[in-house]
Amino acid sequence: VGILSVCETWAGVISLVLVCVNLQSISGVHLLGHLTKPFYAQMQRHLDLFNVFKLLLSLGFALFTWYYRELILVFFNIHDTSAGILLPWMIFNAYLGDNRYQFTLLMSKHEAHFVQNTQIASIILLLVVGTILVIPYGMFGVTTATTLSRVLSKIVLTYRCRQLSPMRFNLIG
């Protein structure tokens, strides 16, 4: 539990940075239905730029973490290096959990029920898969369950956003 907590704390750093980057263009997402074509194109460029920046930032942080994983764990007085893969993996999970643009659009389109149902399904998947995988795989099982849960949530929310708006909120969506 201690190793997983340290990894979650470390991944929380990148989560905080991603939230701050999102705040740079979140107000434009509220206005998507009322935008002129030039502002709409400018908003898409900003979203694409911020998404590339967030991806590069996450990859850079994950590479840094992978390179210094032993030192990071030793700093927290953990001498078991078998958990070193968890640090970059959880940074990837933090990147996957970044759905603020999708949440903002769906809430502005009165899709709160859809968001709640998606979150409930994601939590149920996390609990079921996590419960199954925690015994044989320990913290790696919990991290796998988290990844699957966040992938499901990102796919479903992005798909719904694409139904409501031609805007791309992810690099792939």
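Student: Let's start with Ser122. Which residues is Ser122 in contact with, leaving aside its neighbours within four places in sequence?
Tutor: Ser122 is in contact with Ser149, Leu152 and Ser153. Contact means heavy atoms within 4.5 Å.

Student: Before we go on, what kind of model is this?
Tutor: This is a predicted model, where local features need pLDDT of at least 70 and side-chain atom pairs count only at pLDDT 80 or more, while totals for chains, interfaces and linings use all residues. Residues are numbered from 1 along each chain as its sequence is written, and side-chain values use heavy atoms, with hydrogens and water left out.

Student: Back to Ser122. Is it buried or exposed?
Tutor: Ser122 is buried, with a relative accessible area of 8%. Buried means under 20% relative accessible area, exposed means over 50%, and partly exposed is in between (1.4 Å probe, protein chains only).

Student: What does the side chain of Ser122 make a polar contact with?
Tutor: With the side chain of Ser149, at 2.5 Å. A polar contact is a pair of N or O atoms within 3.5 Å. Within protein, one must be able to donate a hydrogen and the other to accept it, and residues adjacent in sequence count only if both atoms are side-chain atoms.

Student: And where is the place of Ser122?
Tutor: In helix α7. Helices (H or I, at least four residues) and strands (E, at least two) are DSSP runs, numbered from the N terminus.

Student: Tell me about α7. How many residues does it have, and how far does it reach?
Tutor: α7 has 26 residues and reaches 35 Å from its first C-alpha to its last. That is close to the 38 Å expected at 1.5 Å a residue. The expected span is 1.5 Å times one less than the number of residues in the helix.

Student: Where does α7 bend?
Tutor: At Gly130, by about 30°. The bend is the angle between axes fitted to the seven residues ending there and the seven starting there.

Student: What do the buried residues of α7 pack against?
Tutor: Against α6 and α8. Those buried residues are Val115, Thr118, Ser122, Val129, Gly130 and Leu133. After α7 comes Gly138, with a positive phi near 60°.

Student: Let's zoom out. How many helices and strands are there?
Tutor: Eight helices and zero strands. The C-alpha atoms fill a box of roughly 55 × 30 × 20 Å, taken along the principal axes. Of the 173 residues, 40% count as buried.

Student: Which residues touch the most other members of the largest nonpolar core?
Tutor: Ile3, Cys7, Trp10, Ile14, Leu87 and Ile91, out of 18 residues in that core. The elements giving two or more residues to the core are α1 (2–22), α3 (37–67), α4 (69–75) and α5 (86–96). The largest share, seven residues, comes from α1. A nonpolar core is a set of buried Ala, Val, Leu, Ile, Met, Phe, Trp, Tyr and Cys residues joined through side-chain atoms within 4.5 Å.

Student: What does Leu87 touch, not counting residues up to four places away in sequence?
Tutor: Leu87 touches Cys7, Trp10, Thr65, Arg69, Ile72 and Leu73. Apart from this core lies another, of twelve residues, including Val21 and Phe50.

Student: New topic. How many salt bridges does a search of the whole structure find?
Tutor: Three. A salt bridge is a side-chain nitrogen of Lys or Arg within 4 Å of a carboxyl oxygen of Asp or Glu. Asp48 lies in helix α3 and Arg168 in the segment after α8 (139–164), so the pair ties together parts that are 120 residues apart in sequence.

Student: And Asp98 with Lys54: are both buried or exposed?
Tutor: Both are buried. Their side chains meet in a salt bridge (2.7 Å, N to O). Asp98 lies in the loop between α5 and α6 (100–108) and Lys54 in helix α3, so this pair ties together parts 44 residues apart in sequence.

Student: What about Arg160 and Glu111, where do they sit?
Tutor: Arg160 is in helix α8 and Glu111 in the loop between α6 and α7 (112–137), 49 residues apart. Their side chains also meet in a salt bridge (2.9 Å, N to O). Glu111 is buried, with a relative accessible area of 16%.
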